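Student: I would like to take a close look at a single part of this model. Please guide me through it in one connected answer.

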Amino acid sequence: MKSILIKATPFLIVFFTINFFVYKTSPFYKQESKYSNRIDSIINSKPKVVFLGDSHSESIKLLNLSENIGNLAFGADGIKEMYIKTLILKKYNPELKYVFISTEPQMFNNSISSNSTFLNKYLLKLNNSKEIYNKSKLNLITEKIPLLNDNYLRYFLNNIYSIIRNGGNKSDNNTSIKWTDISSSEKEKIASSTGITDHNGIMTRDEDLEIYKKLVNNLKLRNVKVIGVRFPVNEHYLKQCNKEDLDKVNLFINELNLDQNLDYSLSLNSATYFENEDHLNKTGMEELSKLIYKDTGIDLNK
Amino acid sequence: MLFNSFEFVVFFVIVFSLYYKSYNNLKFQNTLLLISSYVFYGWWDWRFLSLILISSVSDYIIGKAIDENSNKIQRKRLLILSLFINLGILGFFKYYNFFTESFTDFIALFGFESNPLLLKIVLPVGISFYTFQTMSYTIDIYRGKMNSNKNLLQFMTFVSFFPQLVAGPIERASHLLPQFNKKRKFDVFEFKEGAKQALWGLFKKIVIADNCAFYANQIFENSDSYPGSVLVIGVIFFAFQIYGDFSGYSDIAIGISRMMGIDLMQNFKSPYLAENIQDFWRRWHISLSTWFRDYVYIPLGGSKVDSSLRRSLNIIITFTVSGFWHGANWTFIIWGALHSLFYFIQTAYSKNLNTVKILPASLVKVFNITITFIAVTFAWIFFRAESFTHAISYISEIASSTILVNPLSYFKEMGSSIQPIIIVISLIYLSVFEIANRNASYSFQVGHYRTPVKTLIYCSLLLLLIFFRATNGAQEFIYFQF
């Protein structure tokens, strides 16, 4: 037995060295740290208003946010992640009065969020490992090891794939060009392409829909006002969600009886408001904050 | 508790450490295996432990009674009692609703209407496996092929031995039971070989099966939305999913048993390299096909009957019952019946082919393997489909002109671009070992290579396990539901 253990030792050393290196250097884990920091800051500051959603809602970070406003939205978050955050808010923020939740159609697509493992430590704290991801506590702990973390592995392999596809050039060239400098036809092409990817398999995951309902009901039970919100996007991006799917999403949202339902999807048309096809820039965000203030009386700015 | 979960790793490390420390104490070894097997099973649902307990105790008592009784009629009655208990439990949990519904549908054909009493029955994991295992024990005693076991602890350990409890191999008492009657010593060679086989099984499960499942599940669940070309790939992926899933489980079960000094029977032998349907069943789920051969086909008369019609009927019955064993659904029965049909077609075809010896033998072999794979894969459509109509619409779409549609864009929509590449590389890796070790006890046999080559192969397997594993969490094994 000893000889077997001795032979296995070099493999184990290599394995743990790689993991340590990845944990310390990978952008994935830097993102995790950013993610946790944001949640921790909300836990500490206990804002009265919180935003939940993906990168579209996250754009409120471009504003000089009032101390009453908390930004818990994060790029690539899905319904499950939003739900876990409401559980965190339930435990740590009794002052909560309003929650803005994203009702955008892409939230109801069939993709798996790459952020799910970022919430492991909170699930352990909440003693709630099985409910959402159906993972044991042991799973949540072992996912701390990068090479045993499915999300990290997906991120790593996709990076490798894009490097190979782009012939060794890792970055995407589109991102460096300003949205206003792009021709209309090119804008339409880019927006449509992203729209197709983001609106795949809308309303096909019943499990997510149940969680969404639960999320709203839990907040309502705590007398927290739930405001649905759709952020402005390029029209060609939104067009990629077919009418039938969009109707399904709208019907689902209407049946939830949210305290307010704000749809700004096509409220801002000028390219000057946009960072890209589906994200506002600072000017756009300032413009949107005025609309939100007008409709809800909530001032997002300091 | 799944073999491909961290819970199992922790569980096995604890059990093995205690087991390793107790190499001089047979009673402790068996007690430990029994307790750990019950913990392993109870992890899913402790209530169903009672069923294993009923099967174990009743067959222990009945087996002993048959052995001690010389009266033929009484021996037969005792055997019937054992079969009644085992098949009664299996029938209730697995087939009650199917028979009730089928009966209602049948009488409805004659204009009689009834409201069937359908029950919400949870199917206990692995019930078909351990039931068949204990049944073979009493049948073999009745046939005088073995003596009854006089030690209840040993017998209970035999019935519930955790590595093969929920998905086989379905062991024969004459092979497995005596192994619980002698002390197991730690054997470095067996430990290493067992660990390798378990790792190979893990590769088949988490790399091959779970990656293929990602696409096969989407395609079968939304088959109306895809063209024939995608459906063809879907069923091929399912063929490798079910093979990787089930043979992977068997390899892990056999591997970890070897690590503990217990020898389990081989359950798979590169089945997709079979040259005909008969050969396929000599290589696929061997423990079940030999069970049906010994306890159904041969008692029916097997091939030693005068009429060829009767022989054919025996084959049809055996295949169909084997299909029904898999589940209470007509699709499984059709799947079994289809195999018997293919068997007859291929027998007739090979007779004709043998008379025309134009093609070189190796080419004929490749041709036969291909034809057999196509036939087996076609039959998988019925196995995987939700219903008979689903299977028919799936086949109709394949037979339509949409078979010519480029499937690539559909795969892009289904998941990441890299996953199909991972599947292709992994299948090539699997095929290399399957072809190289077509008739070996398991395909990852590399002991004959020089050390550097061996090290390279082991490293490649570890790398595939880490980087090419499916990233959608630990998936259940398909055969648990049977």
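Student: How many residues of chain B are in contact with chain A?

Tutor: The model is a predicted one. In it, 13 residues of chain B are in contact with 13 residues of chain A. On the side of chain B that touches chain A, at least two residues each come from helix H1 (6-21), helix H9 (188-221) and helix H19 (451-467) of chain B. H1(B) gives the most to this side, namely three residues. Sorted by class, the side of chain B that touches chain A holds six nonpolar, four polar and three charged residues.

Let us now turn to the partner, chain A. Chain A contains twelve helices and seven strands. Its radius of gyration is 21 Å, close to the 19 Å that the globule rule gives for 302 residues, so chain A is as compact as a globular protein of that length. Of the 302 residues of chain A, 35% count as buried. Where contacts in chain A link residues at least 6 apart in sequence, 77% of them join residues at least 24 apart.

Five strands of chain A form an open sheet in the order S2-S1-S3-S4-S5, with parallel pairing. Strand S2 (69-71) and strand S5 (260-263) of chain A are the edge strands, since each pairs on one side only. On average, neighbouring strands of this sheet are turned by 20° against each other, direction ignored. Within the sheet, strand S1 (residues 49-52) and strand S3 (residues 98-102) of chain A pair in the parallel sense over four bridges. A:Val49 stands opposite A:Tyr98 in S3(A).

Methods. Residues are numbered from 1 along each chain as its sequence is written. Chains are lettered from A and ligands numbered from 1 in the order in which they are written. This is a predicted model: local features need pLDDT of at least 70, side-chain atom pairs count only at pLDDT 80 or more; totals for chains, interfaces and linings use all residues. Two residues are in contact if their C-beta atoms, placed from the backbone, lie within 7 Å. Ala, Val, Leu, Ile, Met, Phe, Trp, Tyr, Cys and Pro count as nonpolar, Asp, Glu, Lys and Arg as charged, and the others, Gly among them, as polar. The radius of gyration is taken over C-alpha atoms; the globule rule is 2.2 Å times the number of residues to the power 0.38. A residue is buried if 20 or more other C-beta atoms lie within 10 Å of its own, exposed if 12 or fewer, and partly exposed in between; C-beta atoms are placed from the backbone. Two strands pair if DSSP finds at least two bridges between them. Axes are lines fitted to C-alpha atoms, for helices over the stretch in contact, and angles run from 0 to 180 degrees between N-to-C directions.
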